[in-house]
Amino acid sequence: MKAIFFICFIIIFKFCCSLNIKSTKESIVYQYGIDEDYYSKWSFALTGMELEFNCVNSSVVRTCSIPMDELTAKKLHGQTSSCLYMVRYNFNICYPIIPEKTPTPIIEPEFRPPTKGGNVLIQGYYLVIGASSFIISPNEELVILSKLQSKETDATNLTVSYSGGCGPKTFLWLNNKNYTFNHASPSIQSLSVNDSLVLINGDNFCNVKEMVDIFMDEIKVEKQSIELVDHEIIKLNFNQQYCKSVEIKIVSGGLVSNVFKKEFKPNPIKINTVPSDIGGIIIIEGQRLSSSIKSTPLVKIGNYSCIVISSTINTIECNIKPVPKGSILKDLIVSISIDGIKNDNKLLFSFDTPFISDILITQGIIKINGNCLGTNSSTQIYIDDVLQTNITINVNEKQTILLFQPSIQIKKSKLYLKNEIKSNEVILDSSFYGKFSESYISVDGQLVNYTLYNINQVNYNKIPIIKFLNNITISGIDIKNSTEYSTHTYSFQIPNGCGRKEFFISIGDQGFRSELYYRTPKIRNCSIGINQMIVCNGNFESYIGFYNDDEIQIHFSNEFLKKPSSFDKNSFSFPSNIQNNITEIFLQVCNELSEIYIVDSILEPLKNSTNNNNNNNNNNNNNNNNNNNNNNNNNNNNNNNNNNNNNNNNTSQFDSTTNGKQIYNETYESSDNSFYTSSNHKNYNDNINSASSKLKIYIIINISFFLFFYLIFIKL
């Protein structure tokens, strides 16, 4: 009967009383119509707290309030009894408080739980009047861990168990009011980079990728780059190519993190070596080795500066000078600074450590690329730990290329070299190799024969294919000149080109890497034209296109020009001061050097001009000068004959020829360390010195004759 009455009371009070409830930290205020039933008292049996409403009436409104303080608010929990004064019946009826008529909780400070959840504190007033848990929309229950049935519990500081989340969420109060909260703001604490994987550590990142945005210098990272999002860690694939300082922030659930500055530092990973007494080009490989603003990196090897020649995001090339004897040569720290940002990893460099970086088989000759490869006399080559004693070794001046022709058939063998220090070991397999019928290919393209050796039987009927680095492929044609298929010749139409081209040739399951060389132009003769322009003649028609593409450069003596002033099918020209003592001229075409033209008669036009001026000033000296000139010419002819004899006596390291003043027997190298040939420098330097001495004698004789006739003229 009592229960039925209570239900009726709730229904009547719920719908008949139009309450206006206002709750603050200082008071709880209810407003009723003057004739409506109203709360007169609240009782909290657990804590013994009783709150009586003080009501003030006007003609139409009854205002009932309870003053509030923090001490009182702490005790407002447990079973709550509310006494309703029935105006029409003039008595109080007390039953549990009706949820819809409870005051709206006040949360202070703002509730900002971590996104990962856990046991969190919620603070405020009137949090659990008539309640034992919280509901988060739509139907998530937030369990209150504080013991609401203990009178010692502080109702203004409650611990709840929160499962976590992202973005805004809403509390649904008993009185159908609500409170919307968001989570703690994301916080970046640290950031690390491993290759292209960026790890961001911190708090409150959320765990829903769709609700997380990452910004690098205000540019949003694409969602597909985000590999993992968890509350305390984010993994993303982000390839910061340049060395720079980047500002990073995270927006999670609409909340913005702190701005974290990260220096993406240069990361040198690999470095070559150079001879300490020569120095040379050091190549550093790694990540973020250049700046987005194209500033020049600063490189130091230990205490030695390395002058940067070029830099890309993955490579730095710098030139280091020879170091003094007695210097520390091992385990020098490599330091790189780009726009003030320095590498912090420890890469060590050592001089004089032979290193083999690559091996090619060209025309049956083994070509080793590397650093500190030694000299012709000091370097030893070991194949399968056996010293090779009956081979000729040729090493270029910079010790970056070594050539030798094996004396035995090499199958798959281990190769290394020693030059006081042992190099790294590499695997050499020359059991399958080939040779072109021509040492050089025409720049216009050419049909050439190529012989393959040691073809496996399963590949006898296969078609060989040459593939260049630019992915151009050429299929070979069997010229059917032999029934011996283990060694067989095929023809290939090599396309036009210049310089040196690396290729891969395969037949069936066999293959190897090799190179071919395009023919370079030959200078026939040179002379001085007007305005001291040097004009060189030859057949250059096939090279005009390379001139237009800036692929032709001029070297003369110790000077270098990026491009000839003029270039046509029969000649090219360039300016030069005759005082530069030009001794040799050659072209560089696509980084390959032409045959060297030795200069010993290019001064003749100037000699004739000088003689003509002297003859005009003093006609009486003509006969004497002519006689002297004839003697000088005879001497020059004798010197030329001697030069030719010297040239004919030169021996070559590889197949080559000589032609007049064009000497190309001695090993030369281009800017990219390729081998070329010219004859011994000493021979043509002696010739130039001889020609220079004759010119001096000639001038002295002329001056003597001039003074002699001048004195006679004065006396007369």
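Let's start with R513, which forms a salt bridge with D358, their closest N and O atoms being 2.7 Å apart. (A salt bridge is a side-chain nitrogen of Lys or Arg within 4 Å of a carboxyl oxygen of Asp or Glu.) R513 lies in strand β49 (residues 510-517) and D358 in strand β33 (residues 355-362), so the pair ties together parts that are 155 residues apart in sequence. Strands here are DSSP runs of E with at least two residues, numbered from the N terminus.

R513 is partly exposed, at 30% relative accessibility, and D358 is partly exposed too, at 23%. Partly exposed falls between buried (under 20% relative accessible area) and exposed (over 50%), using a 1.4 Å probe and protein chains only.

## About the model

This is a predicted model, where local features need pLDDT of at least 70 and side-chain atom pairs count only at pLDDT 80 or more, while totals for chains, interfaces and linings use all residues. Residues are numbered from 1 along each chain as its sequence is written, and side-chain values use heavy atoms, leaving out hydrogens and water.

In total, the structure holds 18 salt bridges. One of them pairs D217 with K244, with 3.3 Å between the closest N and O atoms. D217 sits in the loop between β18 (212-216) and β19 (219-220), and K244 in strand β22 (residues 244-252), so this pair ties together parts 27 residues apart in sequence. D217 is partly exposed at 31%, as is K244 at 25%.

K422 forms a salt bridge with E425, the closest N and O atoms being 2.9 Å apart. K422 is partly exposed, with 40% relative accessibility, and E425 is partly exposed with 41%. Both belong to a network of salt bridges that links D385, K414, K422 and E425.

Terms used: Helix = DSSP H or I, 4+ residues; strand = E, 2+ residues; numbered from the N terminus.
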